[in-house]
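Please keep the sequence and the structure in view while reading.

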Amino acid sequence: MGEYQVGNEHDLLVTYGLGSCVGITIFDPLKKIGGLAHVMLPSAKISTGPNIKSGKYADTAIRELISKLIALGGDIINFEAKIFGGAKMFSFQNERSGMDIGNRNITAVKEELKKQRIPIIGKIIGEDYGRTIEFELNSGKVKVISINKPIIIV
Amino acid sequence: MGFYQNLDQYAKDLLKELCTIGTGNAATSLSAILKEPINIEVPALKIITPEKLPESLGGAELSRIVVFSYLSGQYPSKFLIIFSENEAKKIVNLLLHKDITGNINFNEETQLMPKSALLEIGNIIISAYVSAVGTILRTILIQSPPQIKFDILGSIIDEFCIESAETNSEILLLKNKFIEEKKEILFDIIFIPNENSITSILNTIKGKS
Amino acid sequence: MNDTVKKIRVLIVDDAIFMRTMIRDILEKNGFEVIGEASSGAEAIEKYQRLSPDFVTMDIVMPGMGGIEAVKSIIKLNPNAKILMCSAMGQKALVIEAIQAGAKDFVVKPFQPSSVIEAITRILEG
């Protein structure tokens with residue numbers, strides 16, 4: 001949670017159990033490198049905590065992932081993104097924190113990717129169940145695994 | 001931040017006592033519904049930061065059954081009770097005298113009754129703890145209707161971890177073992193006080209003690 | 001209960017099918033007739049009007065309309081309605097509210113069959 005990973009064509013990047021968190025894959029199909037971020041919150045701006053961990057937030061995590069991929073030789077012109085998760089696992093009645101964090105995460109991720117001009121070419125988002133994702137960097141395909149549901153390849 | 005470290009020994013003991021009373025209540029309730037005596041082991045209480053919760057529960061990738069309920073009012077907080085598939089099946093067997101064949105899948109018509117039984121057991125256990133807290137605080141705590149999920153642990157708890165991480169709160173994790181004849185039933189209980197409510201709970205306890 | 005005596009007709013209200021089945025079992029084994037089940041306050045009111053049961057067992061906390069509101073509505077329809085609240089532990093305040101609204105008594109979940117039957121008999125005789 002709150003981390004990102006990168007790799008090349010020999011790698012499989014995995015993150016387990018996305019609930020309200022959002023998983024973002026960014027892939028450079030020409031260079032066959034890619035990265036996977038697992039973000040928990042929409043924006044680093046809203047956090048007042050002393051230990052801001054940039055990988056936790058949609059905006060900072062996406063920017064860091066992009067610079068890392070560029071450092072590895074990727075070209076932002078080629079980048080394609082897919083997004084997963086952002087579910088609403090439980091319902092709350094008129095509660096302060098009934099803020100639908102999943103939905104807000106999705107919105108923030110979409111905004112940041114738009115700002116960076118990276119197209120979103122696939123998504124499995126929302127609803128009320130968890131998702132484990134496996135990002136295969138040879139093909140750029142993402143396997144979405146949920147309990148008691150068929151596996152989806154995006 | 002770090003409310004637990006700042007507690008004196010007396011408050012720590014009170015907190016532990018609260019958990020033991022809750023567990024005792026829960027065992028009494030379970031025993032009534034199963035019509036069998038239930039023995040308990042003194043529960044192990046851990047106070048952890050939200051980042052450590054997935055690993056303390058065995059790993060984010062595990063599939064788990066969770067019953068969730070929250071308290072509104074003066075001490076807003078959340079309760080989660082977590083069973084592995086195996087433990088859930090044991091409970092269903094004890095309650096319904098029937099086995100779940102195959103995997104747990106609450107979407108299946110045939111598992112409507114096991115789902116409802118687990119939800120109700122979760123609810124009864126949670127209300128046993130809520131009642132213990134309410135008695136010590138001498139206040140009324142209103143509990144929401146329970147919700148149940150069978151999903152990947154990480155996805156079930158991430159929202160709660162996020163909220164606690166944002167407010168720098170700690171989470172109370174209680175590992176329980178109930179024994180019915182030769183069968184052991186293991187489950188975890190998580191109590192997540194909202195910002196301020198743990199402080200006011202402890203202040204109330206201290207003030208009244 | 002004697003077969004020649006008309007059976008007491010009961011409506012069970014609880015959002016959990018497991019709980020409804022358990023209560024039904026207790027009642028039927030003790031000679032009551034369960035004429036309906038409802039899983040929410042709104043459904044309880046609707047079934048009360050349609051079925052006119054002699055007796056109602058009512059859960060307190062249910063999603064949507066809860067038991068207390070349902071008691072208030074049923075008592076408006078029939079001030080003599082006989083309602084037994086089934087509450088979880090630690091819901092004393094809600095139980096008191098329900099009794100003030102017109103419910104006759106309460107049992108705490110999980111309950112022994114005997115305590116449910118005793119409470120019902122007491123209310124019916126009262």
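In this predicted model, helix H4 of chain B (residues 112-137) packs against helix H1 of chain C (residues 17-29) at an angle of about 95°, and the two axes lie 7 Å apart. H4(B) is therefore roughly perpendicular to H1(C), because angles of 65 to 115 degrees count as such.

**Where the two helices meet**

- On the side of H4(B), the residues in contact are B:Leu112, B:Met113, B:Ser116, B:Ala117 and B:Glu120.
- On the side of H1(C), they are C:Ile17, C:Phe18, C:Met19 and C:Thr21.

- Chain C contains an open sheet of 5 strands, arranged in the order E2-E1-E3-E4-E5 with parallel pairing.
- Its edge strands are E2 (33-38) and E5 (105-108), each of which pairs on one side only.
- From one strand to the next, the twist averages 20°.
- Strand E4 of chain C (residues 83-87) pairs with E5(C) in the parallel sense over 4 bridges.
- Within this part of the sheet, C:Cys86 has C:Val107 in E5(C) as its bridge partner.
- Helix H1(C), which also meets H4(B), lies across E1 (9-13), E2, E3 (55-59) and E4 of chain C.
- Relative to E2(C), H1(C) runs at about 165°, an angle that counts as roughly antiparallel because it is over 145 degrees.

**How the chains are joined**

- There are 2 pairs of chains in contact, and chains A and B share the most contacts.
- Chain A and chain C, by contrast, are joined by no contact, and their closest C-alpha atoms lie 10 Å apart.

**The interface of chains A and B**

- Chain A contributes 31 residues to the contact and chain B contributes 28 residues.
- The size of an interface is often given as the accessible area lost when the parts come together.
- Chains A and B bury about 2600 Å² between them, with 58% of it on carbon and sulfur atoms.
- Of the area that chain A buries against chain B, A:Phe90, A:Ile147 and A:Asn148 supply 26%, more than any other three residues.
- Between chain A and chain B there is 1 salt bridge; the side chains of B:Lys149 and A:Asp128 meet in a salt bridge with an N to O distance of 3.8 Å.

Technical notes: Residues are numbered from 1 along each chain as its sequence is written. Chains are lettered from A and ligands numbered from 1 in the order in which they are written. This is a predicted model: local features need pLDDT of at least 70, side-chain atom pairs count only at pLDDT 80 or more; totals for chains, interfaces and linings use all residues. Side-chain values use heavy atoms; hydrogens and water are left out. Contact means heavy atoms within 4.5 Å. Axes are lines fitted to C-alpha atoms, for helices over the stretch in contact, and angles run from 0 to 180 degrees between N-to-C directions. Angles under 35 degrees count as roughly parallel, over 145 as roughly antiparallel, 65 to 115 as roughly perpendicular and the rest as oblique. Two strands pair if DSSP finds at least two bridges between them. Buried area is the accessible area (1.4 Å probe) that two parts lose on being put together, summed over both. A salt bridge is a side-chain nitrogen of Lys or Arg within 4 Å of a carboxyl oxygen of Asp or Glu.
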